[in-house]
Amino acid sequence: MTTRPLVADDAAVAAALAADVDWQFLLTVGQGFGLVAADGSLIGVAAILPYGAPQPPARFRFGRIAAVAVRPDQRRRGIGGWLVQAATTMLRERGCVPEVDAKPELRPLCLRLGFSGGPELTRRHGAATGMPSWFLSAGTRMRAVTDGDLARLGDFDQPIFGADRRAILAHVYRCGPERAFLAEWGGRVTGYVLARPVDGGLRLGPLVAKDAPVAVALLRQALDASGGQPVAIDSFDRQPELNAYLAGARFALAAPILRMQLGKTLRGDDASRLFASAGPLFG
Ligand SMILES: CC(C)(COP(=O)(O)OP(=O)(O)OC[C@H]1O[C@@H](n2cnc3c(N)ncnc32)[C@H](O)[C@@H]1OP(=O)(O)O)[C@@H](O)C(=O)NCCC(=O)NCCS
């Protein structure tokens, strides 16, 4: 068996192993690699996504391990563990603390490799039907995001996320610009939400806001614009007001997502202002 980097032309083959992954984009912003059998076929894939320079109060740069998948006939032979370990080495060589948003299936393997952490997010599924009402506080203005807002969104997001993910935000925005909204107060950005089409519906996120009332107002706006399509959102468990609103709108809990890291880290994000992630691949 050998390894090789994945290039844009590999996107279709990699998708056969991990279908729910935006490989074209992941291979643009991150680096993918694959394990190749003697017959030349890919039997395992993974990718790393190192984020930009850390922002205070982060003390460490970090990076994500994404899209770990092994061909079904090759599982339980140590290949998944090998892929995570290889991704870990690649991130460390770039000075990044490795992090993964893992499905429960990956947890035992990550624990074995020394990762720690636990459930932090939950995937919820629903649609924009029967949404409870919600009122914006006086002075807050909500409007659609335009191309010209991207730099300001990046400036707002960076200290909250704890690292530079402008390329990811721009990509998610371009996937569904008509469903991107921002909140402003006195001309300053106080929150934003993005959404992109995925198979059979919409994936909503990131959702970042100065407080829960603004976050819920943005969520409601994005749901209003969803045209009744099925919506998935990975919301942080530590946001009770947002999650109560989702429950009121009859969003069902689908799966826990575990945020696991390797090594001691002060991640530096502002947890109180992160409401939903961009999805397991992107943070
Ligand atoms: C999750 C996934 C990547 C694991 O890949 P894998 O190659 O089976 O992983 P490993 O073989 O390294 O480890 C799997 C288990 O097999 C065990 N194992 C490894 N080698 C073994 C061997 N020779 N004999 C018996 N068991 C073995 C490991 O101890 C591990 O057990 P654990 O989960 O209780 O720790 C794979 O199941 C997969 O592709 N799933 C679908 C995609 C997915 O869910 N990806 C996760 C994204 S977050």
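Predicted model: local features only at pLDDT ≥ 70, side-chain atom pairs only at ≥ 80, totals over all residues.
Leaving aside its neighbours within four places in sequence, with which residues is Leu-223 in contact?

View 1. Apart from the neighbours within four places in sequence, the contacts of Leu-223 are with Ala-128, Met-131 and Val-231. As a reference for distance, the C-alpha atom of Leu-223 is separated by 22 Å from that of Gly-139, a residue 84 places away along the chain.

**View 2. The shell of residues around the ligand.** There are 17 residues around the ligand, and those that come nearest are Val-70, Arg-75, Gly-80, Gly-81 and Pro-108. Strand S4 (61-70), helix H3 (79-93) and helix H4 (107-112) are the elements that give two or more residues to this shell. Sorted by class, the shell holds 8 nonpolar, 3 polar and 6 charged residues.

**View 3. Helix H3 and the elements packed against its buried residues.** The 15 residues of H3 should span 21 Å at 1.5 Å a residue, and this agrees with the end C-alpha atoms, which are 21 Å apart. Buried in H3 are Gly-80, Leu-83, Val-84, Ala-87, Thr-88 and Leu-91. Seen down the helix axis, these buried residues of H3 fall within an arc of 140°, and therefore line one face of the helix. An α-helix has 3.6 residues a turn, so residues three or four places apart point the same way. The face of H3 turned away from the buried side carries Thr-89 and Glu-93, which are exposed. Strand S2 (31-36), strand S3 (42-50), S4, strand S5 (96-102), H4 and strand S12 (252-262) are the elements against which the buried residues of H3 pack. Just after H3, Gly-95 takes a positive phi of about 80°.

**View 4. Strand S5 and its pairing with strand S4.** Of the 7 residues of S5, 7 are buried, so the strand is largely enclosed by the rest of the structure. On one side of S5 the buried residues are Cys-96, Pro-98, Val-100 and Ala-102, while Val-97, Glu-99 and Asp-101 are buried on the other, so that both faces are covered. S4 and S5 run in the parallel sense where they pair, over 4 bridges, and Gly-63 stands opposite Pro-98 in S5.

**View 5. Backbone geometry at Ala-67, Arg-76 and Pro-206.** Most residues other than glycine have a negative phi, and most peptide bonds are trans. Ala-67, although not a glycine, has a positive phi of about 60°; this residue is found in strand S4 and is buried, with 27 other C-beta atoms within 10 Å. Arg-76, again not a glycine, has a positive phi of about 60°, but is found in the loop between S4 and H3 and counts as exposed, with 7 C-beta neighbours inside 10 Å. The peptide bond that leads from Gly-205 to Pro-206 is cis, with omega near 0°, and Pro-206 is found in strand S10, residues 201-209.

**View 6. Helix H8 and the elements packed against its buried residues.** In H8, which covers residues 240-248, the buried residues include Leu-242, Asn-243, Tyr-245 and Leu-246. These residues cover an arc of only 155° around the axis, which puts them on the same side of H8. Strand S6 (115-126), H7, strand S11 (231-236) and strand S13 (274-276) are the elements against which the buried residues of H8 pack. After H8 comes Arg-250, with a positive phi near 65°.

**View 7. Strands S7, S8 and S9.** S7 (residues 140-144) and S8 (residues 181-185) run antiparallel and are joined by 5 bridges, with Leu-182 in S8 as the bridge partner of Arg-143. S8 also pairs in the antiparallel sense with S9 (residues 188-198), over 5 bridges, and Arg-188 in S9 is the bridge partner of Trp-185. S8 and S9 form a hairpin with 2 residues between them, and in the turn Gly-186 has a positive phi of about 60°.

Definitions and conventions
Residues numbered from 1 in each chain as written. Near = placed C-beta within 6 Å. Nonpolar A, V, L, I, M, F, W, Y, C, P; charged D, E, K, R; others polar. Expected span 1.5 Å × (residues − 1). Buried ≥ 20, exposed ≤ 12 C-beta atoms within 10 Å, placed from the backbone. Arc of directions from axis to C-beta. Contact = placed C-beta atoms within 7 Å. Pairing = 2+ DSSP bridges.
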